[in-house]
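Hello,

I am passing a structure on to you, along with some notes on what turned up in it. Have a look at it first, then read on.

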Amino acid sequence: MISRTFGLATGLFAAVAGTQLPEFAQQYRQRLGGAIDELKIVMQRFDADASAAGLDREEALKRLAGSSDGFTARHGTSMAQVTVRLERLEDQQRAFREAGPLNRLVVFAQAADPDLTRNTWEDFEPATPVTAESFTIGGLAFFAGYGFISAFAKPFHRRRRSAAATRA
């Protein structure tokens, strides 16, 4: 009886804890969208400055990178990195949108941006989402937790029953 109650409690705890992965991924996706929006603004300003100088983005990046002034050359390198980061984040956002509910967790695991992940973790607020993926993960976590405790307690049940049988 005690092991069944403990197994149920462990299963419920595991279910609630398991739903945090989809919630974390959802908060990450929100932060991803914000990062993309901000990087787009930066790149639009850069493109406008380049256009005002009669250059396209690639020409402006080459000019900056080839400058003899160290600061200007480093700025060119930084802007090239922003361009690559924006493309990578947009690719990930597209992958999230194309993936089904459970596959979004796979996309997150395969290609999470380390900076966004760290910042999401710093601001993460646990919640119990009511989505298909959280119910699925929560259910799997419940059965894993309950099953673990049941499997762990099973040898002790046999000993207790066999000890009680010998007394009778």
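Where do Asp 91 and Arg 94 lie, and how many residues apart are they? Both lie in helix H4, 3 residues apart, which is about one turn of the helix. (Helices here are DSSP runs of H or I with at least four residues, and they are numbered from the N terminus.) An α-helix has 3.6 residues a turn, so residues three or four places apart point the same way.

Before going further, please keep in mind that this is a predicted model, where local features need pLDDT of at least 70, side-chain atom pairs count only at pLDDT 80 or more, and totals for chains, interfaces and linings use all residues. Residues are numbered from 1 along each chain as its sequence is written, and side-chain values use heavy atoms, leaving out hydrogens and water.

Back to our pair: Asp 91 and Arg 94 form a salt bridge, with their closest N and O atoms 2.5 Å apart. The term stands for a side-chain nitrogen of Lys or Arg within 4 Å of a carboxyl oxygen of Asp or Glu. Asp 91 is partly exposed at 44% relative accessibility, and Arg 94 is partly exposed at 43%. (Buried means under 20% relative accessible area, exposed means over 50%, and partly exposed is in between, using a 1.4 Å probe and protein chains only.) Elsewhere, salt bridges that share partners join Arg 85, Arg 88 and Asp 113 into one network.

In the whole structure, the search finds 7 salt bridges. One of them is between Arg 31 and Asp 123, whose closest N and O atoms are 2.5 Å apart. Arg 31 sits in helix H2 and Asp 123 in helix H6 (residues 114–123), so this pair ties together parts that are 92 residues apart in sequence. Arg 31 is partly exposed at 27% relative accessible area, and Asp 123 is partly exposed at 48%.

Asp 113 and Arg 88 make another salt bridge, with closest N and O atoms 2.9 Å apart. Asp 113 is in the loop between helix H5 (103–111) and H6, while Arg 88 is in helix H4 (residues 70–98), so the pair ties together parts 25 residues apart in sequence. Is Asp 113 buried or exposed? Asp 113 is buried, with a relative accessible area of 2%, whereas Arg 88 is partly exposed at 41%.

Finally, just after H2, Gly 54 takes a positive phi of about 75°.

Enjoy exploring!

Technical notes: Helix = DSSP H or I, 4+ residues; strand = E, 2+ residues; numbered from the N terminus.
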